[in-house]
Amino acid sequence: MCAAGPAARRLGRAGTGAAASRAPSAGSAPKRSRRGKSSAIAYEPEPPEPKWEPENWRQQLERIREMRRARDAPVDEMGVEKCYDSSAPPQVMRYQVLLSLMLSSQTKDQVTSAAMLRLRQRGLTVDSILQMDDVTLGQIIYPVGFWRNKVKYIKQTTAILKQKYGGDIPSTVEELVKLPGVGPKMAHLAMNIAWNSVSGIGVSAPHLNSGLSLPSCGHPRAQDHKQAEVGEEGDQIP
């Protein structure tokens, strides 16, 4: 075997030193990467917009409830719910409900109640109204508001009920408002009282105006609702 020359021995010593300088010592820790870990940035959610609420509406509601606690207004004792004969057959009872609603348009509850009582004393049914002449019907319901127009509409509506519904009244708002002299408010009330079905809320124009005059109804959209409701509220009779 040939002995290594001086140059080879120098190269060997240099390589051994370089390897030793590159190898980590047993006790030293490994170097960490200089690149940091990416972390998600959490943003605080935007606070929700404050919900509009009428000023002092709870106090106003409690005052209204206190005023109505006794239930002693004319409508409580002589309203449409008190005008029909509760002992009559269901079909007759529903007809009387519709007639009382037609009479109540533009009329005080006391006047409507008295007119209904006079009609019931003569036997208030579809057939009895169809057999009654216009003059007699007008004398009985007078002095309800627009009584002449109501005589005409009552006769027309009663004839339609006889021919198309077998003496009963329609069971939907859409059909009720097609009857002569019957408006949306009457239809919703008829659905509630006669059919025990809540299809909407009937609000007269004076009550709507009173409600919107409350400070708690100061929302900008209140006037839009007022115009929309008053526009279709009409009782149709006049």
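Trainee: Let's start with the whole chain. Among contacts between residues at least 6 apart in sequence, what percentage join residues at least 24 apart?
Mentor: Happy to begin there, keeping in mind that this is a predicted model. The count takes contacts between residues at least 6 apart in sequence, and the share joining residues at least 24 apart is 62%.

Trainee: How many helices and how many strands does the chain have?
Mentor: Read along the sequence, the pattern is α-α-α-α-α-α-α-α-α-α-α-α. Of the 238 residues, 31% count as buried. The tally for the chain is 12 helices and 0 strands.

Trainee: Let's look at helix 4 and helix 8. Are they roughly parallel or roughly antiparallel to each other?
Mentor: Helix 4 covers residues 90-104 and helix 8 covers residues 147-164. Their axes come within 10 Å and cross at roughly 155 degrees. Angles over 145 degrees count as roughly antiparallel. Helix 4 and helix 8 are therefore roughly antiparallel.

Trainee: How do the residues of that contact of helix 4 with helix 8 divide into nonpolar, polar and charged?
Mentor: From helix 4 come Tyr-95, Leu-98, Leu-99, Met-102, Leu-103 and Ser-104, and they meet Lys-150, Tyr-153, Ile-154, Thr-157, Thr-158 and Leu-161 of helix 8. Sorted by class, these residues are 8 nonpolar, 3 polar and 1 charged.

Trainee: Thr-158 is in that list. Is it buried or exposed?
Mentor: Thr-158 sits in helix 8. Not counting residues up to four places away in sequence, it touches Tyr-95, Leu-99, Val-126, Ile-129 and Leu-130. Its relative accessibility is 0%, so Thr-158 counts as buried.

Trainee: Now helix 4 and helix 5. Is helix 4 roughly antiparallel or oblique to helix 5?
Mentor: The two pack with their axes 9 Å apart, at an angle of about 140 degrees. That angle makes helix 4, relative to helix 5, oblique.

Trainee: What is the handedness of the crossing of helix 4 and helix 5, left-handed or right-handed?
Mentor: On the helix 4 side, the contact uses Gln-96, Leu-99, Ser-100, Leu-103 and Ser-104, and on the helix 5 side Thr-112, Ala-115, Met-116, Leu-119 and Arg-120. By class, that contact has 5 nonpolar, 4 polar and 1 charged residues. The crossing of helix 4 and helix 5 is right-handed.

Trainee: Which helices do the buried residues of helix 7 pack against?
Mentor: Helix 7 spans residues 134-141, and its buried residues are Thr-136, Leu-137, Gly-138, Ile-140 and Ile-141. Those buried residues pack against helix 4, helix 5, helix 6 and helix 8.

Trainee: Which residue caps the N-terminal end of helix 7?
Mentor: Look for a side-chain oxygen 3.1 Å from the backbone nitrogen of Val-135.

Trainee: What is omega near for the peptide bond from Tyr-142 to Pro-143?
Mentor: Most peptide bonds are trans. Pro-143 lies in the loop between helix 7 and helix 8. The bond from Tyr-142 to Pro-143 is cis, with omega near 15 degrees.

Trainee: Asn-56 has a positive phi. What value is it near?
Mentor: Most residues other than glycine have a negative phi. Asn-56 is in the loop between helix 1 and helix 2, and at 41% relative accessibility it counts as partly exposed. Its phi is near 60 degrees.

Trainee: Asn-196 also deserves a look. Is it buried or exposed?
Mentor: Asn-196 belongs to the loop between helix 10 and helix 11. Its phi is positive, near 55 degrees. With a relative accessible area of 69%, Asn-196 is exposed.

Trainee: How far apart in space are Met-78 and Ala-114, C-alpha to C-alpha?
Mentor: Met-78 is in helix 3 and counts as partly exposed at 24% relative accessibility. Leaving aside neighbours within four places in sequence, Met-78 contacts Cys-83, Asp-109, Gln-110 and Ser-113. Met-78 and Ala-114 are 36 residues apart in sequence, and their C-alpha separation is 8.8 Å.

Trainee: Last one: what distance separates the C-alpha atoms of Met-186 and Val-203?
Mentor: Met-186 is found in helix 10 and is buried, at 1% relative accessibility. Met-186 and Val-203 are 17 residues apart along the chain, and their C-alpha atoms are separated by 9.7 Å.

Note on methods: Residues are numbered from 1 along each chain as its sequence is written. This is a predicted model: local features need pLDDT of at least 70, side-chain atom pairs count only at pLDDT 80 or more; totals for chains, interfaces and linings use all residues. Side-chain values use heavy atoms; hydrogens and water are left out. Axes are lines fitted to C-alpha atoms, for helices over the stretch in contact, and angles run from 0 to 180 degrees between N-to-C directions. Helices (H or I, at least four residues) and strands (E, at least two) are DSSP runs, numbered from the N terminus. Angles under 35 degrees count as roughly parallel, over 145 as roughly antiparallel, 65 to 115 as roughly perpendicular and the rest as oblique. Contact means heavy atoms within 4.5 Å. Ala, Val, Leu, Ile, Met, Phe, Trp, Tyr, Cys and Pro count as nonpolar, Asp, Glu, Lys and Arg as charged, and the others, Gly among them, as polar. Buried means under 20% relative accessible area, exposed over 50%, partly exposed in between (1.4 Å probe, protein chains only). A polar contact is a pair of N or O atoms within 3.5 Å; within protein, one must be able to donate a hydrogen and the other to accept it, and residues adjacent in sequence count only if both atoms are side-chain atoms. A crossing is left-handed if the near helix is turned anticlockwise from the far one by less than a right angle, and right-handed if clockwise.
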